[in-house]
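Please find below a colleague's note on the structure shown here.

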Amino acid sequence: MSVDRKVLFAKLEQLGIKTTTVEHDPMFTVEQSTALRTTIPGAHTKNLFLTDKDGSLVLVVAKDDTRVDLKRLAKQLGLGRLSFGKSELLEAVLGVPAGSVTPFALMNDTARTIVVVDQALMDFAEVNCHPLQNTATTRLSTGDLLRFIAATGHKPIIMKLG
């Protein structure tokens, strides 16, 4: 069973991670969230759930304006051609629907997904991610995001993506 926001926020509190969450209309794309950039400080993220033909899974946490070259990323990770994971797979593995992909969903990970974090995010003190739903944005320190990912049992790979 997937964790919900209440469980997520309890885990963040348990880890001593301070956050600020802003509720808003559903945001399904980076373009839709453009207005939030002027009202919510910190780097804004886009998250890609990817798979290759052998079943390897990758979650990319990138700065919202980073162009991610999937061919190059697959080569760097030593994987086959990457494509976007189907929504059924996303829900089965990370427990969130399409449009709500977030590193916070790693709490639900059933498949030991590879986690890649955009090097560009390291230039920011704070980052913003959906808290398991695309109707809110949660801001936390960049270091705390990496600490959260590690606390889920994943070792984030910090990589230049753009």
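1. Basis of the note. This is a predicted model, in which local features need pLDDT of at least 70 and side-chain atom pairs count only at pLDDT 80 or more, while totals for chains, interfaces and linings use all residues. Residues are numbered from 1 along each chain as its sequence is written, and side-chain values use heavy atoms, with hydrogens and water left out.

2. Helix α1, residues 5-14. Helices (H or I, at least four residues) and strands (E, at least two) are DSSP runs, numbered from the N terminus. Arg5, Leu8 and Leu12 of α1 are buried, where buried means under 20% relative accessible area, exposed over 50% and partly exposed in between (1.4 Å probe, protein chains only). Seen down the axis, these buried residues fall within an arc of 60 degrees, so they line one face of α1; the arc is that of the directions from the helix axis to the C-beta atoms. The face turned away from the buried side carries the exposed residues Lys6, Glu13 and Gln14.

3. Surroundings and ends of α1. Its buried residues pack against β1 (20-23), β7 (136-141) and α5, contact meaning heavy atoms within 4.5 Å. At the start of α1, a side-chain oxygen of Asp4 comes to within 3.2 Å of the backbone nitrogen of Lys6. Gly16, which follows α1, has a positive phi, near 75 degrees.

4. Helix α3, residues 70-77. Here Leu70, Leu73, Ala74 and Leu77 are buried. They lie on the same side of α3 because they cover an arc of only 100 degrees around the axis. Lys71 and Lys75, on the other side of α3, are exposed. The cover over the buried residues of α3 includes β2 (43-51), β3 (57-63), β4 (83-84), β5 (114-118) and β8 (157-159). Just after α3, Gly78 takes a positive phi of about 70 degrees.

5. The largest nonpolar core. A nonpolar core is a set of buried Ala, Val, Leu, Ile, Met, Phe, Trp, Tyr and Cys residues joined through side-chain atoms within 4.5 Å. The largest has 27 residues, of which Phe49, Leu94, Phe104, Val117 and Leu145 touch the most other members. Its largest share, four residues, comes from α5.

6. Neighbours within four places in sequence aside, Phe104 is in contact with residues including Leu8, Leu12, Cys129 and Phe148.

Methods
Polar contact = N/O pair within 3.5 Å; in protein donor to acceptor, adjacent residues only side chain to side chain.
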